[in-house]
Amino acid sequence: MPNNAFARRAMIDSQLRPQGVTDRAVLAAMASVPREDHVPAEARDFAYFDRAIPVDGGVMLPPTPLALLLNAAAPEPGQKALVVGSAPAYAAALLRAIGLVTTESNASAPIDSAAGPFDLILIEGAIADLPASLSDALAPGGRLVTGLVENGVTRLAIGRKAGGGVVMTSFADSEIAMLAAFTRPPAFTF
């Protein structure tokens with residue numbers, strides 16, 4: 001097994017910084033939270049490779065897209081965050097390391113909007129549609145980050161709550177897994 005502190009530093013220097021991750025708190029969290037503690041034993045040697053890892057029937061995002069989402073979200077200590085995904089433990093641990101009060105939710109379970117409002121919602125995966133329950137759980141001015149499928153292409157995106165809705169803006173292309181709970185129902189088109 002590789003030296004994990006060295007592997008975390010290499011991940012930051014060779015994967016995250018070159019892709020534009022500059023938020024010091026995000027980089028410090030990525031350096032201090034052991035990713036290998038959140039993956040199955042058979043995947044620990046690959047914990048710091050920039051690829052998705054299957055975890056408990058779900059998928060953990062690769063380090064770079066996750067760090068880019070966190071970088072765009074600009075998390076601040078004391079804020080309230082919700083992490084939604086099929087394997088949200090690592091992302092939630094990163095936010096807790098930054099100082100956020102964090103709630104985890106499995107993507108296949110209903111979102112309890114009563115736990116909100118949240119200053120930050122991280123959807124750890126790609127979505128085609130944003131459910132009203134998540135929009136409702138976001139505080140006014142709050143941020144939501146996720147992968148957004150647009151015309152068959154997945155882009156990392158950040159949204160801000162304004163006027164009762166969330167306006168999403170894409171900022172980078174990325175291949176991340178689609179979360180089954182957030183697919184768009186088929187529609188008839190001509």
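Which residue in E8 is the bridge partner of alanine 162? I will come back to that after a word on what we are looking at. This is a predicted model, in which local features need pLDDT of at least 70 and side-chain atom pairs count only at pLDDT 80 or more, while totals for chains, interfaces and linings use all residues. Residues are numbered from 1 along each chain as its sequence is written, and side-chain values use heavy atoms, with hydrogens and water left out.

To answer the opening question, the partner of alanine 162 in E8 is glycine 165. Helices (H or I, at least four residues) and strands (E, at least two) are DSSP runs, numbered from the N terminus, and two strands pair if DSSP finds at least two bridges between them. Strand E7, residues 153–162, pairs with strand E8, residues 165–173, in the antiparallel sense over 8 bridges. The hairpin of E7 and E8 has 2 residues between the strands, and in it glycine 163 takes a positive phi near 60°.

Glycine 165 also turns up among the residues that serine 135 touches, which are Lys161, Gly164, Gly165 and Val166, not counting residues up to four places away in sequence; contact here means heavy atoms within 4.5 Å. Serine 135 lies in helix H5, residues 132–137, and it counts as buried because its relative accessibility is 9%, where buried means under 20% relative accessible area, exposed over 50%, and partly exposed in between, with a 1.4 Å probe and protein chains only.

Let me turn to helix H1, where Asn4, Ala7, Arg8, Met11, Ile12, Gln15 and Leu16 are buried, and where the cover over the buried residues includes helix H2 (24–32) and H3. The axes of H1 (residues 4–16) and H3 (residues 63–73) come within 10 Å and cross at roughly 75°, so the two helices are roughly perpendicular to each other, a term that applies to angles of 65 to 115 degrees. At their contact, Met11, Gln15 and Leu16 in H1 meet Pro63, Thr64 and Ala67 in H3.

Finally, glycine 99 sits in the loop between helix H4 (89–98) and strand E4 (101–106), and it counts as partly exposed because its relative accessibility is 31%. Not counting residues up to four places away in sequence, glycine 99 touches Pro77 and Gly78. Glycine 99 and alanine 29 are 70 residues apart in sequence, and their C-alpha atoms are 9.7 Å apart in space.

Conventions:
Axes fitted to C-alpha atoms, helices over the stretch in contact; angles between N-to-C directions. Parallel < 35°, antiparallel > 145°, perpendicular 65-115°, else oblique.
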